[in-house]
Structures are given as structure tokens and as C-alpha cells.
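Visitor: Could you walk me through this one? I'd like to start with a single chain and then see what it touches.

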Amino acid sequence: MNFIVLIKQVPDVSNIPEEAWDREKGTLRRNMLDNVLNPLDFHAITFACQLREKFGDESGKVICLTMGPPMAKEVLLDGIARGADEAILLTDRAFSGADTIATAYSLAQCIRKVEREIFNGNREYIIITGMQSVDGDTAQVPPQVAEVLGMEQIAYAQSFDFDKRLVVKRIGPHGMESIVPKRYPVLITTTACTEPLYRSFHGMRGAREKTFHQWSAADIQVDQDKIGLKGSRTQVYRIFSPSEERKKECCFPKSVDELIDLIEQKYKQGPVAVQGKVGQVYAIGDKKPSYHGELWVYIEQWKGHVAPVSYELLAKARELAVPLKEKVGAVLVGHQISGIAKEMIARGADKVYVVDDPQLEYFLPMPYKKAVSSLVIQHKPQIMLFGATPLGRELAPRVASSSNAGLTADCTKLEIEDFIKGKVEMIAILKQTRPALGGNIMATIMTKDCDTQMATVRPGVLKANEPDPARTGEIIPFNIQITADDIRTEVIARESLVEKASLAHADIIISGGRGLGTKSSYDKFIRPLAAAFGEMFPGKVEIGASRMAVEDGFVPHEHQVGQTGTTVQPKLYIAFGISGAVQHISGMQQAEIIVVINKDPDARMFNYADLGMVSDFQTVIPQMIEAVKRRKKS
Amino acid sequence: MKEIDVLIIGAGPAGLATAIRLKQRLNAEKKDASVVVIDKEPKLGFHNLSGGVFEAGCLDELVPGWREGEESFFKQTVEIQNDELYFLLPKAAFKIPHLVVPKLMNHIGDYAVSVSRMAIWLGTVAQNLGVEIYLGFSAKELLIEDGRVKGVKLMDLGLDRDGKKKSNFLQGETVHAKVTVLCDGSHGVLSEQLSKLLPPAKNPQVYSIGVKQLIKLPPESAFGNNRAIHTLGFPNRFDVFGGGFMYSMPDNMIAIGLILGLDWPYGDLNEQQELEVFKTHPLIARFLKDGKIVAAGANTIPEGGYYSIPKLFTNGALLVGDSAGFVNMEKIKGIHYAIRGGMSAADAILDALTANDFTEKILAKYEINLKESGILKELYHARNFRQGFKYGLPIGMPLSQIQSFIPFPISIEEDYKGTKKGRRLNRKKQDSMDRAQFVALSGSSHDENQPSHVAIPDPELCQQCGKFYAYSCTHFCPGEVYRQKDGKIVLSPSNCLHCQTCIIKCPFHNITWTPPEGGEGPRFKYL
């Protein structure tokens, strides 16, 4: 068995030097950041090397492949020093400006050459890669590579067993799945699941003597129209500072009661800044729109339960459809799902396309892609939205790749607007805004040269509509043939996810820092407050701590929030006695609502807070617990 | 794989100059020998910090033509045309007339540089000549067999915080070499190991710590270009040796710093805070108006001088640069010695390669080359300069001016003995930058799931330290690696700036420092 590991050199967003900020514009100077190997790729390399060992095949090779500028050779040498056998640098000016579609095509052509020339046509190989890179953070390239090459993907792999055959354990949309590939080649994306292998000094020294290939566009026989900017279907047209999206001004309530009221209010209200501009509705007038067709939403469901994000998207599609004067379509794929089709109409759909097939009971990328793509190719909607859920991130890239669509990942804002610049005139297009470079900058992206503008949208940033049972619409069944060739992996076991203490997925985090003084006050104050919040608010509550508090032994390391602990993005983050070291702030500043309580009015944390209180935790926390309990009763 | 002929530990000016000179001469003579530089830093320059004024003549010799071209390193340097020395009282500044300032302390015609930028440039020059540079590898100890240095052993990797092996454990690799050149900087881990095996110098090495910031000023700043200011006095009392500096840097930036002799008597002296105090002086504050701090860092400087220089060579190994103690306090400079010293070492190594003999006998030529290059002469002239200041500024100052006539070495003690029981500075905490921000600006970070690279062998002593010396490490560590909690010291090794102050200054000599996993620590880019 051979292995191709796709790796990428990325700017180091975990360690942004002060001079890299353009404070006036609020954006980052990317060229001032250090270049490093994408963090997940360490795991991909390690995963590949561990698999190579398990397969125990003498001739099995691990080949690292990257596409990038000549200096990306550095990460390839790094890959070899960690255990890879060979490396390929795909570099050419013609590749520059590529979006994920063009990148995936170029990589796929390169992989075909590897298969032909290095593996001598042997198709027993596995492509392994991290699911996403920290710079683009789209998670689109791996599924699109798999799509172009016509192979199945196993995303979010956590570990593997090897007993005569390979069993990959992965985090599926609804729990852990044990998957056996029935056919090779297959593509696996890894989570941060290994202790990454170190570079060995002698490996590093020997790296230069190992086989190292540098290939250009001509070497891999590409269609010039499919690479670089020309082959791209999306283009960034504006980069701006996240603070423009989200102006922070810390409000200091006068009493604890008022504080809890405000927390409750903000928590229920959800994020505000990402909603479209109120009162400014796009009017197309008598201009001719650049795109035509319906606005579609992919409905994510599980045994008849619809993911909330799908309703949020229906509401958004409804809103966008008004100025475009087009219909909203919902795409429903699964088995025994006709029962929920009506609900889609009540939530805003005019048409519901239903693909119902026993083979579609569980999500599998290739069959699902076949269902959705067939519909898209046939109807050519002008917009299609997916939830940026694990499932959406697996499915949407393949659908976009196999139909004529451009895709933007993880949007937080969608608007209809014109784009006019020089000769380019695009009317009533979908403006897609998303965070990039680890949330440090925002980018607005538009789709070009294709039929459908696709986007995945972050769950929870848009508002769903209340169902309106009086709405009418059309339910359209759609049949496709799922053949044996479409089912290339076998899921041999499914288990529900064991809920572990996990800061990364918490909705509410109550954090304590060194200001609490002792472990006993951490236990005495933070834990009961967390318990009280757990009773009052829906959602998962976790306790967190600053690095210093962990060093002082208040709580174990898995509760550490920050760059060197866990980077968190809860709805609500409450910090007690945390002064705000940079490494802490970079790990939690993406929280929606930040509440800071500190007796030092100059604590840096207040600069990041929505709500603040200059007070001692010993006074405030008991009052908070009491206030929360009172509300729970009433 | 080719065996390593010359292994250089440390990718600073000394190590890179050694590598460059050696490869140049090897290439000129069409000889092939592998020259390998390793460093624990993740990228070139990240672990290099210096005050930053140096005598550029050595570079004309090492890299002829270095001043030419639009992209040259020369473009990143600033020639000093204005050189001033001030004596500061808390509210006043007295300019010391040019005539009175000793000639050797003159900096006109020198260049202000960022030594991290210099290391990046030298590294590129070296690589273009065929030098192999591997970064992110921490050397743990010297390999010594039969009284000869045979290379180094690297750190074990993949241990968790409790010292247990993780699944990715990698046993520390051994790296053999015919000759090992130790350029691991001030109080370097390996050079310290070697020094312990060699006959001691007349005096122990003494150090100072330099804390430095780079400040971006608005255009048309009052400080002006091509200027250097040195200060004596404030914020230091007479019993703290040291002074401040401010240099013009490219792009409207200035480097500002404070260098303090680590033999200070105060248990609670915090040099990071002292720099903040220094910045409040009217003379200084005026220049800093509307400035923005873009980088910060700290490092130690070996300043004992001639009589503290250890034996510089042994079978299979040489010492160059800061690890050899090549700093001239009379000139307050050392970079040019690092470069010239590297060149002298390279010439000796070439002879050894030619003779295929790496014993002391051949490597002793290094010392002869050093003499010929004038380094030892200059250092000899300054041989008693630093020691006199142990009596305080009022005696040290005049003494330093006649020191070259003193016929015997003035002795000096290790720095940690300088801390005096019960002596306190009791400085009020400054509102400006604190150590957490200072660390953030240094860019330092470490994986926390590894054994702590700093350790306190006997925690009992900390109680006594608290009583007599105010838990000295909680004050002197510029990274705030040490914090006191209920009479115990809590460690934050992740903050470490790799400056070595703690090992030098702990009043009980009760701190050990081993290199953390490679590729960690500070990220100095313009310091």
C-alpha cells in the first residue's frame, strides 16, 4: 500500500507578531507572518507513517505532496524528516490565485502522475490529509480532490485498526463510525488525532538525498483553463478587519441582577453583528441579473430530525429571494423523509425536492453527492446554501466540484449586491463574507464563471423563521440510481459519541484565572456558578481556566483556554480574575458574548468584553448564583 | 550519509561567521568537508538579541561587497553619526562632553543593527556557500570519549510533562563530528559543560542582563536618525552597574534598552520594570512620545572580560563568541569579536582538516589566530575594566579609566554572590508594560506537555530565599517564569526567554536549565 500525504505551508496564525498587524486597516500583513506546516498536516504525516508500518509492506511509500511557491520545499523536507519517503513540490506561477476547485484539480492531476509514474499504475494507495488548513480554513480541497479523482473520502478520521483489513474510526455526523474501504484508492482526512512524529536530525540531513521532485503545470498535463485564477470559480474581492463587523464596547452594568439580565438577553438574542444591514433591501430595478434560477437550501436531517441550521438557511434564502423574484427550493435527501417535506414549506420553501432511497438512510459522501449533484445539474439553481456542519463540509465541496458551481466555506454573512469594477459588471450576485486566517481577518468573496453560487454557512449566525402552516408549495420527488459502484466503503459499526468534557464544543464557559488565588476558591466559586448556569441556560456548560491557573494546579490542563490550551468559541464566555495575557485572549476572543469580572479596572480582558464588572469574584459570584436561581424559579 | 566534519552549535554571528569563513576557504581550495550548523531556535535570528551597535569592518573581511546592492544587509544598518553620553539624575540629564568621553567608548562610524536580522542574512550567505543549517534541534550534552569531544547528543523528544514517553518518543540522537565548535551564546549549555572540564580562568565569568525594546515612532520623531545615546546613572543606584542606550534603527524605529550587571545587591530588582522606569526619565520619555512598542526581549551578556575567558580549545572542540566571553566592556561591544573570532576558529579548523588532526595541538592555532586578529589585544587592554565597578559607580568609574595600568588582575566573584541579604529596591510597580506583555512581545512559547526545562533542585532553599532575598527569581526573571505562591515557587516554563539569568543569579545557585524541545522559545526578529 502506498500513501500520498497532501500538506500545505501556511502562515503561522497562532503566533502573530505585533508588527504583522496593519492597525489602521485592522488587517494582517500576511507576508510578515512566519511560514509553518499546517498544524493538522503533522497528524496526517504521522497517520500515514503509522499506516505504512501497519500494512508492513516493504515497498510501500509515503509521499508528501504540496502545491505552493518554491519556498514550500521547506515543509516537504520537514515531512521527510518526520518519516516520508519522497516529496513532490508542485510549483508554477500559473497556479497562483487558485481557489479550492482549481487547487483540487491541479493536485488531482499531480496525483494521477504519481499513480502512473511512481506507483507504476498501482491503484492500491491512500491519500491522507488534514481536513483543513488554518489559513483558508475551508476544508474544501480534500473532498474536491476525491471528487475529481472519483474516489470516496473518509473524513475526520480519529484512529485506525488493522487486522487483515483496514478499519478507520471516524467522527461521523451523528457519532463514531468504523469504516472499511471496499475499494482503493481512498482519501482520508485526519483530525488532530496523533502525537505528531518529530523530525529526526539525521532524517532532516538525509532529506536532501531522498527523492525530491519538482513539477510544473506542464509536467502534470493540465488544462490551462482549469488552473490558477482562470480555473477558479470564486474570487476574494475585499479583505477587512473583523472589528468592522463587530464593534466591541464594554457595557458595565450597575448591579449583578442587571448583569444577569443582560447576559440572558444577549444569550437568547444570539449574535447581532452578522445580520444583514437593516432597512437596506437590495433592489434590482431594471438591471439584468448575472445569475438565474432558484435559491436552494440543502436540508440536513437525521432520522427525520432537521438540523436547526437548515431552517436558518431557509429563512435567509427566503429573504434573498425577494429582490431576485425567484423561488426557494429545499433539497431533502435520505430515506423515509417525505413526512418532513411539508415542514420545509412552512419554513419558507416554495419547492421541496425529495430524494428518498433506502441506500441513502445514512450519509455517505458519494451517493449523497450523486443525488444532490444530479438535481443541481438538472435545475441549475443560482444559489445553493449548506450548513457548515461536518456533513455540509463533506458534501458541499463535492457537489460544487461535480456541478458547475463555485463554493465559499463557512460564511457568516450573505447579501445580494452588484459588483462593478472596470469592465466587470456583475448584477445581483451573492456577496459571501467569512472569517479567514484564524478569524483575524474577514474576506468577502464572489462566485464567477459558473451557474451556481454555493456557500456553506456557519450554524447559529442566522435566524430561522417561525413555521407558517398556511404557506403553500410543491413537493417534487426525484429518483436516482444508486449503484454498487457508488457504495465504496462499508460502515461496520456506529456508536454514539461519548460526551466528554470538551471545551471546544461548549456553549458556555465559566473561566477562572490566577486572580482567584487558590484551588479551593476555584472549586468553591467557579464550579457552583457553572452548575447554576447549566440549569438556567440551554446548552453545554464547561469550566475553563487561564494558563497560570492551570500551572497553579486549580484544574487539569484539559480546562486550559488559550493558544497553548484549547481555542474556544462558545456563545458565552465569563472570565473571573483573568488579566488577559495575549495567549489567553487569542484562544477565546471568538466567543460571542464575553463577560469579564475583575477587580483591576485596567485588566486587558476588559478590552475584549461585551459586559464587564469591576469587582471581586468573592462578592459577585454568590450574588450571580442567587440571581440565576431566582430566574430559574420564576 | 556523509559524516559531519565540522559541527557548529549555535546559529548566531559567531557560529555563522565560522561556517562562512570555513566554507569560503574550503571552496577556494576546492576541498570538500561538511560544515553543519544546528540551533534550538525555530528560525534564523529568533534567539539572537544584542544591544546592536557594532564595528562593521569585520564584515568587509568576512563577506566582501556586503555593502553593495539594493537588497544588501547594509541597507538594514544605520550608521552612527551622533554619539552622546549622558549622566542621568531622576529629573535631570548631564551630557558628558565629547572630550572627556574615553576614545574607546566612541561609537561614531559604528553601525546600529538588529543582530537577528544579521543572523538571517549571514545564514543565507552560509547556505549559499554550502553550509548545512538545521534549526529546531536542541543539543543536550557533549559527547566526550577518551578526553576528546566527539560531537553532541540531542534532547530526547516526546516526553510528557511527567517525563513519561509519549507514542512519538524519539530518543535523543547522537551527532558525531570531527570537530565541534561551541557558539551557543552567553552561558551556553554546552560551553558551560566544556568549561567545567577545562582549567578555570583567573576570574569566574560575570554577566549582565540586557532588556531591550524596539519602538516604532511617528515620522519626524525628535530622536532623529543616525544617533546613539548611552546613559549612566538613573534609574540605577550607584551599587548597580549598568546603563541605558537608545539607537536609531531603520523605518522610524529606535532600539532602547537597559543593561544591568547581574551582581546587583537587591533581591527584588526587576530589570524589566527598571527599563520602564528608565523610559520615564524626561530625557528619554521625550523621544518616545507616540511611540509603539513592536518587539521586546532580554538576553545575558558575559562581561567579565579577559581574565574570565576560559581555555578556548580542547581536543575536538573550540569556543567562539559569547560562549567564549568575547565581550569588551570598555567598548560595550562584542559582535565584531564574534565574527572575527569565528574567522580565527575557521582558519584553525581548516588546518586541522588538512592535517586530519583535531587534537589540541593543531586547534591551538585558534588562539594564535585570535592574537593576530587583535581581539585578544583589545580584550587585554580592557582586562580590569568591569571588575572595578564591584565597588560601585563612584569608585568604579575612575578606576575603569586607569585600569589598563593596573599590573595584576582585579578579582571578582560570581554574580549570585552579589545579592545581599535584606537589601531591597522597593520599586513601585510601573503602570506601563508588565512582564506578561513583555513576554507576549518577545513571541516566546513552548509546548506545555513536556517536562519543565527549568527546575529547582532543592525547593526548601526557596523559603530561606524568601526571607533574605524576597524570592529573588520572581523579580529578576524578565519572563516571569517564577512566581511565588504560599512560600513555594510556581513555574511557568512556557514564558522562558532563554536568557539564562536564573541560573546565573539565583542566590542559592538552585536553578537548573536544560534546553526545551527544539524549535521553541522566543521569536526575536528585530532585536
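Visitor: How many helices and strands are there in chain B?
Guide: Keep in mind that this is a predicted model. Going through chain B, you'll come across 24 strands, and the helices number 15.

Visitor: Which radius of gyration does chain B have, and what does a compact globule predict?
Guide: For 527 residues, the compact-globule rule gives a value near 24 Å. Along the principal axes, its C-alpha atoms fill a box of roughly 65 × 55 × 50 Å.

Visitor: What share of the residues of chain B count as buried?
Guide: Here a residue is buried when its relative accessible area is under 20%. Out of 527 residues in chain B, the share that passes is 63%.

Visitor: And how far apart are the mean positions of the positive and negative charges of chain B?
Guide: Chain B carries 60 positive and 58 negative charges.

Visitor: On to the partner. How much area do chain A and chain B bury between them?
Guide: The contact draws on 35 residues from chain A and 50 from chain B. Carbon and sulfur atoms account for 49% of the buried area, and the total is about 3500 Å².

Visitor: Which three residues supply more than any other three of the area that chain A buries against chain B?
Guide: Together this trio makes up 25% of what chain A buries there. The names are Y198(A), F201(A) and R205(A).

Conventions
Residues numbered from 1 in each chain as written. Chains lettered and ligands numbered in written order. Predicted model: local features only at pLDDT ≥ 70, side-chain atom pairs only at ≥ 80, totals over all residues. Heavy atoms only, no water. Helix = DSSP H or I, 4+ residues; strand = E, 2+ residues; numbered from the N terminus. Rg over C-alpha atoms; globule rule 2.2 N^0.38 Å. Buried < 20%, exposed > 50% of the residue type's maximum accessible area, 1.4 Å probe, protein only. Lys, Arg positive; Asp, Glu negative; His and termini not counted. Charge placed at Lys NZ, Arg CZ, Asp CG, Glu CD. Contact = heavy atoms within 4.5 Å. Buried area = accessible area lost by both parts, 1.4 Å probe.
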